[in-house]
Amino acid sequence: MGHLYEKYVWEVPVRVTHWVNMLAIVTLTVTGLFIGSPKTVALTPSAFAMGWIRFIHFVAGYTLSVSVLARIYWALVTKNSYAGWREFFPILTRDGRHKMLAAFKYYTFISKKVPAAPGHNALAGTAYAVVFLLYLTMIGTGFALYSERAPNGILHKAFAWLFWLFSNQGMRLTHHCVMWLLIAFAIHHVYSAWLMDVKEKGGVMSSIFSGYKTVRSKE
Amino acid sequence: MSGYGNGHDQKSPEQQFSFSRLLAEKGVSRRDFIKFCSATAAALALPPAFGPQIARALDEVKRPTLVWLEFQSCTGDTEALLRAANPTVAEIVLDILSIDYAETIMAAAGHLAEANLDKVLKEEKGKYIAVVEGSIPLKDDGIYCCIGGRTAADRAREVCGGAFATIAVGTCASYGGIPAAAPNPTGAVGVAKAVPSATVINLPGCPLNADNLTATIVHFLLFKKLPATDGIGRPLFAYGKRIHDNCERRPHFDAGQYVEAWGDQGHRKGFCLYKMGCKGPETWHNCPTQRYNDKTSWPVGSGHGCAGCSQPMFWDTMTPFYRRLPNVPGFGIETTADTIGLGLAAGTAAAFAAHGVVSAFRRGDTSEGAKEE
């Protein structure tokens, strides 16, 4: 058995975007639930409760967009293979598909061989590719709805093509349903990280703060 | 309305150019007329200096010919136009048009009426204005709406194709409207789709606001061209702003004061109808400022949410009218997106909790740190 050492896995941009995304999504979810189904919270019409909540929602929306686009940019330019875009598409290679199957068997209690990858396991990487697709859906539908206040503005010109794909109400429903998918993902994400921390014993939970994982060398 | 039924060759020269006399006859003062001109300039989003220019343009107008075609409609737009109880300046503006054909109001009938229309098409080719009310069926060669033995599509192609411009009044003529709602049994479409070669301006709404028709015609008389439009052919002066952004209940929305049930305290106090399914946030129309029936009121003003009637396919996409979000396909109508979402989240949590319990009792499935590749 090889020796254990600390391996630098998650670069600074990976960790920063991870936590910015997390804070933005929590903010967006809480404010979004209120915007979708508000309660009467003001005593006078001169209050601005919904106004501020929407403002926070839009600021968090811009923050998430910048963070997600920065992360996609980093995936394309980084030399670190754990952050690079290939990590998220194991399905493209035979070896990757084999690893996905192995991880699936472990999660479904068919196999006892824990994936134990230094970066994301193949199934997790694929899940994040899907999650980023959901992020882009939220950003697109969100800005399209936001731009409706100025139908001839730049924002509307940039996002109005989405109304070819969705009716206006369909756009709202999609924005709403994807939020629930992301909530479901968050539950799965925290659980799986916890499970891997226990079973893999590589310190994956603390690695998203420190950047280091415990890895056993090969020989 | 004048000039229909008897052919406009019989009109005396005075009748052709007598706007001031027309005003006097109807008992409208010069002051009221100038007020109307200023109000129309405002409706068209023109600077106040255009008020006198509108007055001059109307004074000098040379009776343009207008024909009003009615297809698959409920005549609601004609009703909206005729609703004014007293002679108004707007009514007179429409009077100065030579309305040579209009199914609902013309005296002539049958072949005589159709002959009138044919005469306009021949003699005024490229100069007359066509107004279309109602959708045009295209399915089964358009047999679902025939006038004088000819299909609506056939007649529309001929009339709108030869017009200077076509004004589609109401949502049916603009985008198919209610006849085009799923399953659209007659294959109904709007004018722009039925006659792609025509110059069409859409004035949707269910019904259209007659003020917007007057303003569009005034714009045409003043500038000899049609007003600027948005991506779906609606003039920006009337459809450039979202209802939600000009709504008199908007302060309640921003404040956080909502009607939660019909007739509740909030409803009585005039709170925002957002939770009652108001589609103001996704509908562009000048209802909040222009209002209906001589600026008396409009749906949200009288306590009912906007139904989004000036948007294409509103009957299919804006329903249910009294809910914020549409129904999720495949689920019962009482199941909202949030109920489903909450179920999904709870289901996920339960599944992973179960997985966690099994994993906790499992042995021999661990590793000692991640492994190098």
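1. Axes here are lines fitted to C-alpha atoms, for helices over the stretch in contact, and angles run from 0 to 180 degrees between N-to-C directions. In this predicted model, local features need pLDDT of at least 70 and side-chain atom pairs count only at pLDDT 80 or more, while totals for chains, interfaces and linings use all residues. Residues are numbered from 1 along each chain as its sequence is written, and chains are lettered from A in the order in which they are written.

2. On confidence, the model scores ipTM 0.91 and pTM 0.87. Where pLDDT is low, the predicted coordinates should not be read in detail.

3. Within chain B, the axes of helix α3 (residues 30-43) and helix α4 (residues 50-59) come within 8 Å and cross at roughly 115 degrees; helices are DSSP runs (H or I, at least four residues) and strands likewise (E, at least two), numbered from the N terminus. Residues making this contact include B:Phe33 and B:Ile34 of α3(B) and B:Phe50 and B:Ile54 of α4(B).

4. Between the chains, the contact takes 49 residues from chain A and 42 residues from chain B. The largest share of chain A's side, 16 residues, comes from α6(A).

Key. Two residues are in contact if their C-beta atoms, placed from the backbone, lie within 7 Å.
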